[in-house]
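Below are my notes on the model, as numbered points. Please read them with the structure open.

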Amino acid sequence: MTNSPCSPGLPVLGPRSLVSRESPAPSTPGKPGRRFSFRPAPDPYCQAKYTFCPTGSPIPDMKGDDVIEVFRLQAPVWEFKYGDLLGHLKIMHDAIGFRSALTGKNYTMEWYELFQLGNCTFPHLRPEMNAPFWCNQGAACFFEGIDDNHWKENGTLVQVATISGNTFNKMAKWVKQDNETGIYYETWTVLASPEKGAETWFESYDCSKFVLRTYKKLAELGAEFKKIETKYTRIFLYSGEPTYLGNETSVFGPTGNKTLASAIKRFYYPFKPHLSTKEFLLNLLQIFDAVIIHRHFYLFYNFEYWFLPMKFPFIKITYEEIPLYNRNKTLPGL
């Protein structure tokens, strides 16, 4: 059962020291898929309300001549808590299922937030720290079994391909590398407008993007996908050309811009993680004033801060078709 917006394993790989937060100032908006040399250890301050990947297990080594069925899995976000409520709004979580012909065993693989969606989307404002504090890691989760009822009742469980055990093992090697180097969750896709072909300023990095990356890798390894409809939830912000503001040190450090630092923290304050419903509603007016009236949004992306001059319709959630891959045609930008 899922336990987060892009949610339950392939455990998070071993703890290491934090990646450097310093990087040269870019001349253009952030590029998707920035990779890191290793996965940092989560800070003890970051706590999940629901345990990440509670039944996770290593990915098994399949026999080369095994026949593995590949399944598209989709269900409403937070179904364990709200049932199919968010499914009516087409806010869906994506995963991949596998079934071994030789062993008869089923497996589920997905990618989601270590500390739930709120922590990945907005920071904590800790009194003892000058800079906003982020708990925004995401990771892959692999575990034995497929909860058929969960995926079928309000979502999707459909076979999309058949691969060999040898192909599965190559995919598993890629998943481990992807999981170790693509480590930060990003909620937003930022576009110049809702029009088709509009400039993409920033790409999201979430559960559906993991599924699409995996499908793409399987196609590169020779998998043939069925021709079926595949739709995904996407959350868009609409903005004029973003302005680069700096990284944590240049904005919030000893020689940083105190006025800008104060403005960013003031913007994030109403979005604090773990707000009660009452607290969120009280802050909603401040959010509306900042984003809709004053058309301001501060985005944290690849350890850098950007200012977004917001444009109508400001924010939109879509459920749109992204075709399955094939060996001769893949989609760019993942």
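This is a predicted model: local features need pLDDT of at least 70, side-chain atom pairs count only at pLDDT 80 or more; totals for chains, interfaces and linings use all residues.

1. Thr156 is partly exposed at a relative accessible area of 22% (buried means under 20%, exposed over 50%, partly exposed in between, with a 1.4 Å probe and protein chains only). Thr156 belongs to strand E5, residues 156-164; helices (H or I, at least four residues) and strands (E, at least two) are DSSP runs, numbered from the N terminus. Not counting residues up to four places away in sequence, Thr156 touches Arg72, Leu73, Gln74 and Trp151, where contact means heavy atoms within 4.5 Å.

2. Residues are numbered from 1 along each chain as its sequence is written, and side-chain values use heavy atoms, with hydrogens and water left out.

3. Arg72, one of the residues touched by Thr156, also lies over the face of Tyr232, 4.8 Å from the ring centre. The rule for a charge over a ring is NZ of Lys or CZ of Arg within 6 Å of the ring centre and within 35 degrees of the ring normal. The side chain of Arg72 also meets that of Asp94 in a salt bridge of 3.9 Å, N to O (a side-chain nitrogen of Lys or Arg within 4 Å of a carboxyl oxygen of Asp or Glu). Arg72 is in strand E1 and Asp94 in strand E2 (residues 92-100), so this pair ties together parts that are 22 residues apart in sequence. Both Arg72 and Asp94 are buried.

4. How many salt bridges does the rule give? The count is nine. One of them joins the side chains of Asp178 and Arg35 at 2.8 Å, N to O. That pair links distant parts of the chain, since Asp178 is in helix H5 (residues 165-181) and Arg35 in the segment before strand E1 (67-76), 143 residues apart. Asp178 is buried, with a relative accessible area of 1%, whereas Arg35 is partly exposed at 35%.

5. Glu128 and Arg126 form a salt bridge through their side chains at 2.8 Å, N to O. Glu128 is exposed, with a relative accessible area of 54%, while Arg126 is buried at 15%. Salt bridges with shared partners also join Glu203, Lys209, Arg234 and Glu320 into one network. The charged end of Arg126 sits over the ring of Tyr45, 3.7 Å from its centre.

6. Asn169 is in helix H5 and counts as buried at 18% relative accessibility. Its side chain makes a polar contact with the side chain of Asp61 at 3.2 Å and reaches the backbone oxygen of Met62 at 2.7 Å. A polar contact is a pair of N or O atoms within 3.5 Å; within protein, one must be able to donate a hydrogen and the other to accept it, and residues adjacent in sequence count only if both atoms are side-chain atoms. Leaving aside neighbours within four places in sequence, Asn169 is in contact with Pro60, Asp61 and Met62.

7. Which residues of helix H8 (residues 258-268) are buried? They are Leu260, Ala261, Ala263, Ile264, Phe267 and Tyr268. Seen down the axis of H8, these buried residues fall within an arc of 160°, so they line one face of the helix; the arc is that of the directions from the helix axis to the C-beta atoms. Lys258, Thr259 and Arg266 are exposed on the other side of H8. The N-terminal end of H8 is capped by Asn257, with a side-chain oxygen 3.2 Å from the backbone nitrogen of Thr259.

8. The whole structure holds 29 aromatic pairs. Phe202 and Tyr301 form a tilted pair, 4.8 Å centre to centre with 55° between the planes. Rings of Phe, Tyr and Trp (its six-membered ring) pair if their centres lie within 6.5 Å; planes under 30 degrees apart count as stacked, over 60 as edge-to-face and the rest as tilted. Phe202 is in strand E7 (residues 200-202) and Tyr301 in strand E10 (residues 296-301), so the pair ties together parts that are 99 residues apart in sequence. Phe202 is buried at 1% relative accessibility, and Tyr301 is buried at 4%.

9. The ring centres of Phe267 and Tyr298 are 5.5 Å apart and their planes are at 75°, so this pair is edge-to-face. Phe267 is in helix H8 and Tyr298 in strand E10, so the pair ties together parts that are 31 residues apart in sequence. Both Phe267 and Tyr298 are buried.
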